[in-house]
Amino acid sequence: MIDKVLEEISLDIDWRNEELKQIKLISDTLSDKELKFFLKGCIPLLYAHWEGFVVSSLKIVFKYLNNLKLNSDSYCDIFLTTAYEQTLKSLSDSTNFEKRKKHLITLYNTFKKEVKLNEKIDTKSNLNFKVLKEICEKININIARFEEYETELNQLVSIRNSISHGENAYNFNTYEDIDEYIQLVKNLMLDFQSEIQDLLKLEKYKKEIKYEQSI
């Protein structure tokens with residue numbers, strides 16, 4: 001079952017890499033003027049593949065976990081908090097005893113049922129390093145693996161935002177000018193895939209079982 005999940009994620013990477021490969025092939029056929037225009041439009045495309053991969057892969061993972069039909073006794077605290085995040089947010093308006101009691105009953109009744117993870121992933125349409133860190137924290141993935149990409153990732157998101165908002169602050173004259181961002185997206189996807197593999201194979205979503213030492 002896990003192998004099928006990982007294969008689905010690998011296939012998602014494959015078609016994205018195939019599209020990224022086309023950028024170089026198309027670039028070689030364009031005039032200088034056409035190339036400038038084309039490369040500028042590639043930046044939002046690169047970002048779309050990065051965000052799209054994270055959303056797609058986590059949807060696959062959450063669907064798999066939901067099919068396991070685990071209850072609250074099985075999940076670790078991180079995944080429980082992620083599963084009930086919206087319910088927990090509602091506690092912020094608990095200004096009186098009756099409201100707090102109602103929230104408590106809701107939580108108690110929810111904990112007795114199968115845990116359902118929301119398969120809709122919120123990237124805030126701005127998947128920079130800070131947002132990536134928040135996502136990693138919610139799925140028990142170590143952000144340390146991605147720290148080397150922080151500066152470049154933030155640059156990619158910033159340039160994408162400028163271009164998407166119609167600004168003219170960035171121009172690219174040769175394929176090499178955007179190649180570093182293509183490689184960035186490829187590396188990010190591979191490392192994220194590797195972390196997901198560890199998450200599933202090591203069952204990092206589960207609560208640790210502590211055995212009492214016999215005397």
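Contact means heavy atoms within 4.5 Å. By that criterion, among contacts between residues at least 6 apart in sequence, 81% join residues at least 24 apart. The model is predicted. It has eight helices and zero strands.

**Fold and surface**
- Along the sequence, the pattern reads α-α-α-α-α-α-α-α.
- The protein has 215 residues, and buried residues make up 39% of them.
- Its accessible surface comes to about 13000 Å².
- Carbon and sulfur atoms account for 50% of that surface.

**Helix pair α7 and α8**
- Helix α7 spans residues 150-164, and helix α8 spans residues 176-201.
- Their axes come within 10 Å and cross at roughly 115 degrees.
- The crossing of α7 past α8 is left-handed.
- On the α7 side, the contact is made by E152, L153, Q155, L156 and I159.
- On the α8 side, E180, Y181, L184, V185 and L188 take part.
- By class, this contact has seven nonpolar, one polar and two charged residues.

**Confidence**
- The average pLDDT of the protein is 90.
- A score of at least 70 is reached by 89% of the residues.
- Confidence is highest in α8, at a mean of 98.
- Confidence is lowest in helix α5, residues 97-111, at a mean of 69.
- Over residues 210-215, pLDDT stays under 50.
- For residues 210-215, the model has zero contacts beyond four places in sequence.

How values were computed. Residues are numbered from 1 along each chain as its sequence is written. This is a predicted model: local features need pLDDT of at least 70, side-chain atom pairs count only at pLDDT 80 or more; totals for chains, interfaces and linings use all residues. Side-chain values use heavy atoms; hydrogens and water are left out. Axes are lines fitted to C-alpha atoms, for helices over the stretch in contact, and angles run from 0 to 180 degrees between N-to-C directions. Helices (H or I, at least four residues) and strands (E, at least two) are DSSP runs, numbered from the N terminus. A crossing is left-handed if the near helix is turned anticlockwise from the far one by less than a right angle, and right-handed if clockwise. Ala, Val, Leu, Ile, Met, Phe, Trp, Tyr, Cys and Pro count as nonpolar, Asp, Glu, Lys and Arg as charged, and the others, Gly among them, as polar. pLDDT is the predictor's confidence in each residue, from 0 to 100. Buried means under 20% relative accessible area, exposed over 50%, partly exposed in between (1.4 Å probe, protein chains only). Accessible areas come from the Shrake-Rupley method with a 1.4 Å probe; for residues, only the protein chains shown count as cover.
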